[in-house]
Protein chains: 2
Amino acid sequence: MHLEDFLTEQWMNDHENDAVYNLTDTCVQPLRFPELLAMDEDGVLQDVLLDYGVITGDVRLKQEILKLYQSGTADNITLTHGCLAANELVMYTFLKAGDRVVSFTPGYQQFTSLPASFGCHVHTIPLKEEKGWMMEEADLQKAFEENVRMLIINNPNNPTGTFFDKPMLEKLIGYCRKYNTILLSDEVYRGNDPREVSVSDLYAYGISTGSLSKMFSLAGLRLGWIKADASLIAKINVRRDYSFISTGPLADAMAYIAMKKQDALMLRSRKIIEENKQIYAEWLKDMPYASLCMPSYGPVGFLRYEADIDDRTLALRLLKEHGVFFVPGSCFGKDRHFRIGFTRDPHETAEGLRILRNVLYELNQK
Amino acid sequence: MHLEDFLTEQWMNDHENDAVYNLTDTCVQPLRFPELLAMDEDGVLQDVLLDYGVITGDVRLKQEILKLYQSGTADNITLTHGCLAANELVMYTFLKAGDRVVSFTPGYQQFTSLPASFGCHVHTIPLKEEKGWMMEEADLQKAFEENVRMLIINNPNNPTGTFFDKPMLEKLIGYCRKYNTILLSDEVYRGNDPREVSVSDLYAYGISTGSLSKMFSLAGLRLGWIKADASLIAKINVRRDYSFISTGPLADAMAYIAMKKQDALMLRSRKIIEENKQIYAEWLKDMPYASLCMPSYGPVGFLRYEADIDDRTLALRLLKEHGVFFVPGSCFGKDRHFRIGFTRDPHETAEGLRILRNVLYELNQK
């Protein structure tokens with residue numbers, strides 16, 4: 001099956017290791033393995049036998065994950081190796097060649113290129129910067145003039161930070177009800193603020209995916225999940241048997257240990273995100289060559305700059321000459337932008353932005 | 001995409017936890033997590049930061065994996081979450097609707113049902129019990145009368161234990177060369193005997209998959225790999241970016257620690273397999289109602305029984321009344337057989353076989 005190169009991921013793969021000031025990573029400051037081991041106060045890990053474990057996942061972990069939702073039992077969850085794998089599994093389970101899929105742009109390329117690779121017709125709705133990275137209602141209406149098999153959103157959205165609150169989700173669900181459209185919502189950047197509602201708590205065909213990688217600072221466990229109606233989870237598990245046997249008892253147990261402390265981890269992440277956002281807010285006050293729609297939730301934003309240079313060239317120059325690392329917006333189909341993450345040590349962010357300021361002034365005074 | 005239920009995996013999921021005498025598991029006696037931790041003599045795990053790690057996998061681990069092969073560098077390997085995921089990734093990368101795929105039966109259902117689910121034409125060649133679970137040359141010739149995009153083998157084969165030695169692999173490769181057919185060889189049951197040759201060491205379009213789950217007793221790490229020509233690996237990595245980001249620095253580091261001791265682990269496994277095989281050999285000497293083509297390599301065999309009862313019913317009765325657990329052959333399309341694993345503590349095997357003997361005698365005296 002023909003598949004486009006995944007521009008963002010390839011950019012990360014090719015360049016991330018050269019970063020001194022990584023202003024683009026969306027994982028909130030990862031923990032170290034000894035920090036995780038120290039959380040195992042009850043010695044859960046001592047008992048782990050390294051077989052396949054419970055095939056659809058450790059029920060204790062599922063119970064902890066359910067605390068992020070307003071409804072559901074263990075039957076509403078299946079575990080995966082991260083959120084990307086969760087999304088892929090949902091797409092392979094419910095889509096076939098010829099199906100119509102709707103998503104947003106700028107958005108995460110998996111949502112469009114992957115279904116296109118197996119013959120789906122993909123329609124994208126623009127998110128408009130001048131509207132605070134929101135769509136026009138007319139574009140949504142138009143998208144739903146024909147049968148839509150799956151609407152794919154990312155809430156909050158990578159890269160724009162667009163956040164769909166409950167009224168907006170209910171609007172989307174209103175359209176979805178017309179055709180019983182599956183609403184796949186990648187909620188990997190979702191926190192636990194009560195206003196951050198999950199589609200899986202609102203709609204029978206709402207499928208939420210998530211992971212420990214971003215807000216829980218544990219990408220290294222490669223642990224994600226799908227939450228949906230039990231009948232949808234049962235269908236997903238049929239295909240899951242062909243993709244991987246289980247996420248394994250070790251990753252499950254470690255995730256369980258961490259998720260027992262989910263409130264503390266989430267608090268830590270929010271503090272880091274807020275500190276980073278404040279640094280950006282200060283920086284932007286006195287910066288005529290850049291702008292940012294500051295997102296309400298999540299660790300991701302999309303910075304616009306003014307300078308007569310395309311974003312791939314500028315990003316490479318910043319990296320090679322100064323060690324400042326961004327994913328260019330053109331990896332998401334939008335030039336003159338950088339995807340930013342409010343995830344790093346504030347000193348790293350501040351120093352990276354100081355360098356970016358100098359470079360943008362220099363470029364604009366030529 | 002319509003996909004058949006994966007019979008073997010579902011059987012395992014539904015029933016494995018009820019087993020007292022598990023005579024069917026194909027993972028050689030799994031290690032416990034503390035045993036793995038104790039192998040970390042150099043404190044490798046102390047330094048693990050729980051981010052995504054190296055995206056295509058830890059190079060130190062790749063170097064250890066390469067010791068299982070006769071050729072290759074780190075560019076010939078990409079890491080996956082187990083061998084099933086490795087096979088899936090190879091199929092999605094190189095197959096499309098309409099392609100012709102050839103495999104063997106009885107065999108692992110993923111090789112046939114998965115490509116069929118996205119529109120491939122799947123042709124199976126029978127492995128014949130009366131020929132020691134080998135195919136007829138004429139059937140192979142016939143399969144290659146048309147263009148074959150991919151030939152999928154499992155070497156040694158689950159469930160029959162069929163082993164393709166170097167001359168036999170070269171015969172298969174001879175057919176493959178006719179169309180530059182990709183030869184995907186699931187080598188998850190392969191050991192490190194020099195006679196257990198990998199297709200990736202013999203043929204430019206030979207793709208070997210493997211994992212730590214079976215012969216290395218570490219299914220719990222969910223760590224597998226693909227080995228192939230670097231140009232094929234590069235193509236696989238394009239799709240891999242859409243499936244999962246990485247296997248993660250923790251699983252990679254743990255696998256590295258284990259694979260540094262690969263000779264000791266393999267020796268342990270071979271000893272367990274040999275002990276189990278001897279118990280079967282003794283048992284069969286005096287058993288008119290069962291037969292087995294004893295496999296040369298690997299932990300898997302396919303036991304035939306004589307009794308007027310189908311294998312699903314008998315397997316369920318053995319489990320419910322006696323705790324003796326087998327996957328019925330009909331999960332692989334072959335009734336009146338049980339898939340067996342030479343993997344357990346010899347006492348467990350002996351006791352399970354003692355019970356099976358009694359049940360088979362009883363059934364044949366009615």
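This is a predicted model: local features need pLDDT of at least 70, side-chain atom pairs count only at pLDDT 80 or more; totals for chains, interfaces and linings use all residues.
1. Chain A can be superposed on chain B with an RMSD of 0.0 Å by a turn of 180 degrees together with a shift of 0.0 Å along the axis. This is the relation of a two-fold axis.

2. The interface between the chains brings 50 residues of chain A into contact with 51 residues of chain B. On the side of chain A that touches chain B, at least two residues each are supplied by helix H1 (7–15), helix H2 (33–38), helix H4 (82–94), helix H5 (110–117), helix H8 (230–243) and H9. By class, this side of chain A has 30 nonpolar, eleven polar and nine charged residues.

3. Of the interface residues of chain A, 100% are also interface residues in chain B, so the copies meet through the same surface.

4. A helix pair within chain A also deserves attention. Two packed helices are described by the angle between their axes and the distance between the axes. For helix H3 (residues 59–66) and helix H9 (residues 249–259) of chain A, the axes come within 9 Å and cross at roughly 35 degrees. The crossing of H3(A) and H9(A) is left-handed.

5. Which residues meet where H3(A) and H9(A) are in contact? From H3(A) come Arg60(A), Leu61(A), Glu64(A) and Ile65(A), and they meet Asp252(A), Ala255(A), Tyr256(A) and Met259(A) in H9(A). By class, this contact has five nonpolar, no polar and three charged residues.

How values were computed: Residues are numbered from 1 along each chain as its sequence is written. Chains are lettered from A and ligands numbered from 1 in the order in which they are written. Axes are lines fitted to C-alpha atoms, for helices over the stretch in contact, and angles run from 0 to 180 degrees between N-to-C directions. Helices (H or I, at least four residues) and strands (E, at least two) are DSSP runs, numbered from the N terminus. A crossing is left-handed if the near helix is turned anticlockwise from the far one by less than a right angle, and right-handed if clockwise. Two residues are in contact if their C-beta atoms, placed from the backbone, lie within 7 Å. Ala, Val, Leu, Ile, Met, Phe, Trp, Tyr, Cys and Pro count as nonpolar, Asp, Glu, Lys and Arg as charged, and the others, Gly among them, as polar. Copies are superposed by least squares on the C-alpha atoms of residues with pLDDT of at least 70 in both.
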